[in-house]
Protein chains: 2
Amino acid sequence: MRNKYVLIYQEMVQKIEKETFKADEFLPSENELAGQYHTSRETIRKALNLLAQNGYIQKIRGKGSTVIAQNKFDFPVSGLVSFKELADKMGEKPITTVHRCTKINASDYICDQLDLENNQEVWEIIRARSFSGQRIILDKDYVSLKIVPYISEDIAKTSIYNYLENELGLIISFAKKEIIVEEPTEEDRELLDLEGFYNVVVIKNYVYLDDATLFQYTESRHRPDKFRFVDFARRER
Amino acid sequence: MRNKYVLIYQEMVQKIEKETFKADEFLPSENELAGQYHTSRETIRKALNLLAQNGYIQKIRGKGSTVIAQNKFDFPVSGLVSFKELADKMGEKPITTVHRCTKINASDYICDQLDLENNQEVWEIIRARSFSGQRIILDKDYVSLKIVPYISEDIAKTSIYNYLENELGLIISFAKKEIIVEEPTEEDRELLDLEGFYNVVVIKNYVYLDDATLFQYTESRHRPDKFRFVDFARRER
DNA sequence: AAGTGGTCTAGACCACAAA
DNA sequence: TTGTGGTCTAGACCACTTA
């Protein structure tokens, strides 16, 4: 049994997506919902705040909470998502090729990115992702050996996140992300089908655990025509 | 006098940025803070949740709330920011050139983006942004005439957001944003110093008011070497 | 066992919108 | 005036960490 407010949130997401609650209509008031769910108003408010944060509703003081149209984007991904989760949402079946999955002494650049002492050991995992025969994305992962003592090529082939969370019991909590555009490296040209494109989109991802330790640095290098980033943002007051 | 929890949040942000609370150290417990601020624990928790959402702290059950290092990015902008606010943060002084600021009948494409009936009137504002003599960004704004009856070239030259919020009293609430990479158009080549770059980064922005009405569509077209997007994201449960 | 953060409650008062 | 969402309180119980 999960938290009440999360359950209410999930149920309301369902209702919005199935259009039991339609776009531009008002939800029942907080007091009504509190009655319907046999709970207190503050608990309802926690659920509604989750809906607002994730772009499902807009709360309007004195009036009520109105449902925001979802159609503008078919692909409402913002935040921290593994490649596999993301591909699932897009309904595409990518093929992963593992080019490297070995322990190395971290280069100066990687030490810097992962806040490590010089020459500490890390896992280096390099994988290409293909969609309909085209190699579109190059993922380069670096994970501290202290936190993850072992990774196999098989794991790299399926889902590292699944292994870390379900097998090792690590809890991934937040990430800092940077998106820039770069010239392709030799490695990009070799491992991707760049088809004459002169740039790659690079997503640098710094991933942190539950206890706020930085444990993974990832570069996801995309062919520019296949890159898309979608975000929902509330204005800071 | 603002809300108590916002005041507490702001005060704690100050303390984190001035390193009264240092990275990797724990904050006082929620009960202690409630005592210090002469308030209830739930109010302290609202302030701490704001800090967590914005990447200042990580809460760890059973232990406490630890301060997250800020240094990883000098430019922690995520979300909805006008060009001018953004340039201010970067400490650069851009020059704005207004190429167009006129009423037009919206094209099919613009009607589609703004959810308008055919041929409704909108403001079209096209502006180039120069940094140290280089024209780097092309901003194309479309605003429904129904909501904003008048915009002058002078306003376009300074800050439209300032005009909308402070003069017209509109309250901008949230935005949906999409980032993609495109080939430059003729217009891009004409109005930007592309310096041989073969791509532009396009940020499509759908801006909504307080009452959840869509009122503005903006395309911000960047030279790829000058584009950078930074995000902080918590993993969805 | 003691201290921490996470959830939930029942009630109060406020600011705002609409009739 | 009524109903809405926004804030705040004081207290309860729980799950987890550490000693």
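**Entry 1: a strand pair in chain B**

I began with strand β7 (residues 200–209) of chain B and strand β8 (residues 214–222) of chain B, which pair in the antiparallel sense over eight bridges. Two strands count as paired if DSSP finds at least two bridges between them. Strands (E, at least two residues) and helices (H or I, at least four residues) are DSSP runs, numbered from the N terminus. I looked up one position and noted that B:I203 stands opposite B:S220 in β8(B).

I recorded that this is a predicted model, in which local features need pLDDT of at least 70 and side-chain atom pairs count only at pLDDT 80 or more, while totals for chains, interfaces and linings use all residues. Residues are numbered from 1 along each chain as its sequence is written, chains are lettered from A and ligands numbered from 1 in the order in which they are written, and side-chain values use heavy atoms, with hydrogens and water left out.

**Entry 2: the sheets**

I then asked in which order the strands of the sheet with β7(B) stand. Seven strands form this open sheet, in the order β9(A)-β6(B)-β7(B)-β8(B)-β5(B)-β4(B)-β3(B), and the pairing is antiparallel. Its edge strands are β9 (229–234) of chain A and β3 (95–105) of chain B, each of which pairs on one side only. On average, neighbouring strands of this sheet are turned by 15° against each other, direction ignored. For such angles, axes are lines fitted to C-alpha atoms, for helices over the stretch in contact, and angles run from 0 to 180 degrees between N-to-C directions.

I found another open sheet of seven strands, ordered β3(A)-β4(A)-β5(A)-β8(A)-β7(A)-β6(A)-β9(B), again with antiparallel pairing. Here β3 (95–105) of chain A and β9 (229–234) of chain B stand at the edges with a single partner strand each, so one side of each is left without a neighbour in the sheet. Within this sheet, strand β4 (residues 121–131) of chain A pairs with strand β5 (residues 134–144) of chain A over ten bridges, in the antiparallel sense. I noted that the bridge partner of A:W123 in β5(A) is A:V143.

**Entry 3: a helix pair in chain A**

I next examined helix α1 (residues 4–17) of chain A and helix α3 (residues 41–53) of chain A, whose axes come within 8 Å and cross at roughly 50°. That makes α1(A) oblique to α3(A); angles under 35 degrees count as roughly parallel, over 145 as roughly antiparallel, 65 to 115 as roughly perpendicular and the rest as oblique. The crossing is right-handed, meaning that the near helix is turned clockwise from the far one by less than a right angle.

I listed residues in contact (heavy atoms within 4.5 Å): those of α1(A) include A:Y5, A:I8 and A:M12, and those of α3(A) include A:I44, A:L48 and A:L51. By class, this contact has eleven nonpolar, one polar and two charged residues. Ala, Val, Leu, Ile, Met, Phe, Trp, Tyr, Cys and Pro count as nonpolar, Asp, Glu, Lys and Arg as charged, and the others, Gly among them, as polar.

**Entry 4: how the chains are related**
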